[in-house]
Amino acid sequence: MPPVLSKPTEQPMETTVNTTTEGRPDFISIRDFSFFYGKKQALFDISLDIPERQVTAFIGPSGCGKSTLLRNLNRMNDLIDGIRHSGDIVVNGRSIYDPHIEVISLRKRVGMVFQKSNPFPKSIYENVVYPLRVSGQNKKSVLDETVERSLQGAALWDEVKDRLHESGLSLSGGQMQRLCIARAIANRPEILLMDEPCSALDPIATVKVEELIRELKQEFTIVIVTHNMQQATRCSDRTAFFYLGKLVEFDETPKIFSNPAQKQTEDYITGRFG
Amino acid sequence: METPRHILTNFETALENLRNDVLMMASLAARSLDCARKGLFERDEDWCNTVIADDEEVDALEIQIDNAGMDIMLRYHPFASDLRNVIAAMKTSVNLERAADQAVGIARRARKLILQPALPEIARIEPLFDTATNLFKDAIKAFSDGDIELARTLKLRDKGLDEQNRSFAETLADLMQKNPDSIRGYLELIFIARFLERIGDQAKSIAEDTIYAVEVKDIRHTSIPN
């Protein structure tokens, strides 16, 4: 019987990066970025320009470094002991490692939605306004406006407008994830990071979140990590393929999925290695 | 370099079956063209009837390939070369079915010609048969082997067949004035030449789809082959 999983193609790893972004400015510029968990190097010299107000998908097999890179974009990895990096990540012209930048203010600019929805055990209303309250905003008119704007932005307003003071935990899985998106956009971040945002959702809830992602890109620069190829093709404008901590290919999504430049990308997206 | 196996062996089998069905259809269509030729030149109605009867099998295969291609896309969501190969297989089957229909057309016209006295001008259509048959068989070979160089030659060669057809029609139009008693037979020959010319078009389309599947270059409706 043939092996179910084939070994990755043994060939020197090359990188193809198409930086044409149809006149859109590069909003996030990753430059020669390497990242280490202690002695283990997780990312190798990544250089990548992410355009503004587009959806960029990170794909690749487990352990390829895509989530590590995503979590570096708002310095989430700073919380882990023994990490270090080289190279730089520049957002809107300024390094996120600039010593004058506070991590908290960076995370206000770079919102994040996680794989598993994580609403707080509070009301729907309080979940959405939580980031504002943390930053000292308690004016009711501002909070009310934020709740309506954010829930509308997350395509949840019509479903919950009559029960804003019920627990966020009373919502369905898909609604909870959209509540987390509403919370992530409440502070009007510039960038929205999404780490497998639909992996725990049913197909209908997934479609709603994907439609939402397409709408949100009018306002935000979105970076999404996904294992779901169909999701990457449906949602993203550009796709980056990572393997063993290296960027193999970055190009427009239709190009990556119809005619990738690198054989490793082709082998991965056609299911020739897992 | 050996192509690594797909993580889903069922997918690999489905893709191989689809390809085998296309090749089976191609060999049936090529056989129909050969039989139609024998029917015409040997004045043998049996060969003509074989072509007409075999068309049912070709039609059934076209439907089978459509369903199998749809099934593969639904179940496995192929990407990149896999996606292009599935699409090329489905498009090629449409061209093969049409080519087989042209063979049926030739067989029907040949049956009518057999009922009339033999025309010496029938020899003039033989070069068209040669060109069309070679084009068709080379298109199938290019598809089967993924032979881009061979596929690239088809576009220009199809133009040559178009020219042969035009010239043949003009010659027969002249002969019609000289031999009005043979007009009916000449008309049948003109129709047969047109069927052959269309087989060349189908061969060219198969070659274009092969080039797209392998090289992702769309050379349809371009004047100069890339």
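**View 1. The largest nonpolar core of this predicted model has 67 residues.** A nonpolar core is a set of buried Ala, Val, Leu, Ile, Met, Phe, Trp, Tyr and Cys residues joined through side-chain atoms within 4.5 Å; buried means under 20% relative accessible area, exposed over 50%, partly exposed in between (1.4 Å probe, protein chains only). Ile106(B), Ile125(B), Phe136(B) and Leu196(B) have the most contacts inside this core. The largest share of the core, 14 residues, comes from helix H1 of chain B (helices are DSSP runs of H or I, at least four residues, numbered from the N terminus).

**View 2. Meet the neighbours of Phe136(B).** Not counting residues up to four places away in sequence, Phe136(B) touches Ala26(B), Ala29(B), Ala30(B), Leu96(B), Ala99(B), Ile199(B), Ala203(B) and Ile206(B); contact means heavy atoms within 4.5 Å.

View 3. A disulfide is a pair of cysteine sulfur atoms within 2.5 Å, and the count over all chains is 0.

**Reading the views.** Residues are numbered from 1 along each chain as its sequence is written, with chains lettered from A and ligands numbered from 1 in the order in which they are written. Local features need pLDDT of at least 70, side-chain atom pairs count only at pLDDT 80 or more, and totals for chains, interfaces and linings use all residues, while side-chain values use heavy atoms, leaving out hydrogens and water.

Key. Helices (H or I, at least four residues) and strands (E, at least two) are DSSP runs, numbered from the N terminus.
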